[in-house]
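Thanks for coming, everyone. Let's take a short tour of one structure. Please have a look at it first.

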Amino acid sequence: MNAAAPTPHSPAGSAQATLRRLILYVLLFALVVITAVGLSGLLERLFSTGALVAAADVETVARSLAFTLIGGPLAALLWWLVWRRLDDAAERGSAGWGVYLSAVYLVSLIAAVTGLLAAASSLIGSREPLWYSPLSNGIVWAAVWILHRWMWRHPVKRPEALDDIPAVIGWVFGLLVGGVGAINALGSLLDVAIRGQMSLTPEVEGWWQPVLRAVVWTIGGILVWWWHWIRGSGRKMASALVDVALIGVGIFAAGITALGGAGVVVFVLLRIAFDRNDPLSELLAPLGPAAAAAAIGVLIWRYYRVSGAQRSARTRRAGRLVTSGVALAAAATGVGVVINAALAMAVSPLAGGGTRTLLLGGLSSLVVGGPVWWRAWQPLNQPQTAEEIPPGRRVYLVAFFGISAAVALVAVLVIGYRLFVFLLGEATGGSLLERIRSPLGFMVAAGLVAAYHFAQWRREHALLAAAARANAPTIDEVILVTASDPGQLSEAIAAATGAHVTVWTRADAGGMLPAEPSPEDGLTDRVIGALGGVTATHVLLLVGPPNGQTSRIDVIPLAAPRLSSRSVATERFVK
């Protein structure tokens with residue numbers, strides 16, 4: 001009877017399998033895209049003409065037919081081969097299967113949603129709507145999306161690696177589409193409410209038509225987001241990718257949108273109050289879209305801030321640091337612009353509205369970013385001990401120091417360049433201060449940010465270093481001299497002090513080793529307590545034989561030996 005020996009794992013075989021999967025999935029992805037393009041082209045021709053398919057544009061129709069009739073069967077055949085292999089757990093657990101599904105899921109979802117929403121919005125207010133092209137694309141790619149979503153959710157052959165990527169793709173894309181659509185809809189509505197007839201164009205369409213088209217995109221994006229985040233349980237996924245997407249989109253992107261919109265709103269209000277050189281219609285033009293961006297950005301940021309509070313402490317800390325970073329960037333930019341405007345006024349005290357507008361822009365950015373940074377960073381409530389320094393904070397400090405230092409360096413180079421141009425060129429084109437005021441302002445702002453974060457880093461580095469020194473072992477070696485079994489005692493000393501324990505047996509024990517001390521006699525605790533306040537590098541620990549009920553303990557700190565360790569041992573213990 002012959003028994004088949006197990007085949008050992010071969011790196012070459014693993015590499016061949018990886019290469020095979022790469023080729024198969026790349027070919028399958030390409031064939032799926034080719035087939036979808038061909039089908040959408042034929043469907044578009046059918047919708048647009050309603051007559052013979054090949055009546056006109058022969059090359060386009062021939063290409064669509066070739067893509068469909070050749071690429072389609074090849075894609076089906078290759079998919080059938082791949083689907084059969086997924087009965088093997090190694091195939092389902094490979095990264096290639098998850099990457100393929102994620103890539104097709106992303107492309108098909110974007111193409112289907114944009115196509116269907118574009119077709120729906122084109123029917124609003126257009127005399128000759130061109131709905132057939134986006135509708136054909138939307139229908140075909142929606143079918144591709146449904147098929148691959150079924151494969152992604154299959155109870156047996158679903159991917160075991162990277163299985164959370166489609167859900168993240170879905171709710172992130174839906175949030176972006178819905179957020180942009182909501183900003184456009186609310187911005188158009190506010191613009192009409194603020195400026196009235198001044199906001200309307202001489203076109204035929206009414207004010208409600210662009211608002212309604214934006215509402216269509218908003219509803220579509222919200223549905224995609226709800227399908228993946230709420231119904232698809234994307235909010236319950238506890239993976240690093242979900243946390244990164246939540247912070248990147250829900251905190252970072254929403255924070256930039258909210259702060260940017262709020263800054264423009266403050267800028268418009270300041271211009272209306274102090275800089276009304278332009279017509280009122282032009283001053284009010286950015287107010288509606290900016291207010292909409294601020295409102296939608298705050299809404300999204302607040303929702304994901306509350307949602308992030310239910311996740312890990314690391315995610316919550318990262319969200320606060322990202323909020324602080326976005327607000328600090330806005331405030332620092334405002335400081336740089338304010339310095340630039342102040343230098344412009346110093347050069348030309350009679351400067352016109354351009355300098356005043358620049359100053360108001362810097363003040364608006366500073367007014368919006370400064371309080372948010374103060375609330376998120378809390379500069380008066382900084383960690384005072386090493387235990388209070390949260391993980392990731394030092395990375396944030398180093399990152400902001402590096403970015404601001406790089407900005408300052410670029411500004412210094414620009415200043416140097418303009419200085420040499422001023423010295424070597426002709427004495428025309430304004431004063432030296434006029435030429436360098438813009439990079440000088442950003443250099444000062446970036447330098448202040450870099451100096452502050454470097455000072456914080458040094459202070460926290462000193463706290464961590466002091467804590468490390470306090471927690472570091474103060475004894476390198478313990479020479480234990482005892483008459484009892486040293487097993488339990490030496491292990492306790494090494495665990496408590498981190499020192500290397502060298503054991504010597506007392507010769508005055510009469511050659512008899514007493515039993516190992518029991519925990520009840522308290523000898524171990526007494527020894528550890530005796531070593532507690534010792535800071536010498538080498539310590540001699542003498543544990544005498546029991547004198548009545550207790551043993552004598554002598555702790556002798558040793559200076560650095562002048563002789564070799566062998567000579568010292570011989571001189572002290574062998575005599």
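Start at helix H2, which bends by about 30° at Gly71, with a proline, Pro73, following within four residues. A word on terms. Helices (H or I, at least four residues) and strands (E, at least two) are DSSP runs, numbered from the N terminus. The bend at a residue is the angle between axes fitted to the seven residues ending there and the seven starting there.

Before going on, the ground rules. This is a predicted model, where local features need pLDDT of at least 70 and side-chain atom pairs count only at pLDDT 80 or more, while totals for chains, interfaces and linings use all residues. Residues are numbered from 1 along each chain as its sequence is written, and side-chain values use heavy atoms, leaving out hydrogens and water.

Back to H2. Its 28 residues should span 40 Å at 1.5 Å a residue, and its end C-alpha atoms are 40 Å apart, which agrees. The expected span is 1.5 Å times one less than the number of residues. Which residues of H2 are buried? They are Val61, Ser64, Thr68, Gly71, Gly72, Ala75, Leu78, Val82 and Trp83. Buried means under 20% relative accessible area, exposed over 50%, and partly exposed in between (1.4 Å probe, protein chains only).

H1 gives the most, with 4 residues. The space inside is about 30 Å³. By class, the lining has 3 nonpolar, no polar and 4 charged residues. Here Ala, Val, Leu, Ile, Met, Phe, Trp, Tyr, Cys and Pro count as nonpolar, Asp, Glu, Lys and Arg as charged, and the others, Gly among them, as polar.

Next, the largest pocket. How much space lies in it? About 480 Å³. On a 1 Å grid over the protein atoms alone, a cavity is a set of points where a 1.4 Å probe fits but cannot get out; a pocket is an open set with protein on both sides within 12 Å along at least five of seven lines; lining residues have an atom within 4 Å of a point. Grid points are joined across faces, edges and corners, and a volume is the space filled by probe spheres set on the points.

The pocket has 20 lining residues, and Arg320, Arg375, Ala376, Trp377 and Gln378 lie nearest its centre. Helices H10 (287-309), H11 (313-347) and H12 (353-377) each give two or more residues to the lining. H11 supplies the largest share, 5 residues. The classes are 8 nonpolar, 5 polar and 7 charged.

Look at Gln378. It sits in the loop between H12 and helix H13 (393-424). Most residues other than glycine have a negative phi. Gln378 counts as partly exposed, at 38% relative accessibility.

Last, the whole chain. The protein chain has 17 helices and 4 strands. Of its 575 residues, 39% are buried.
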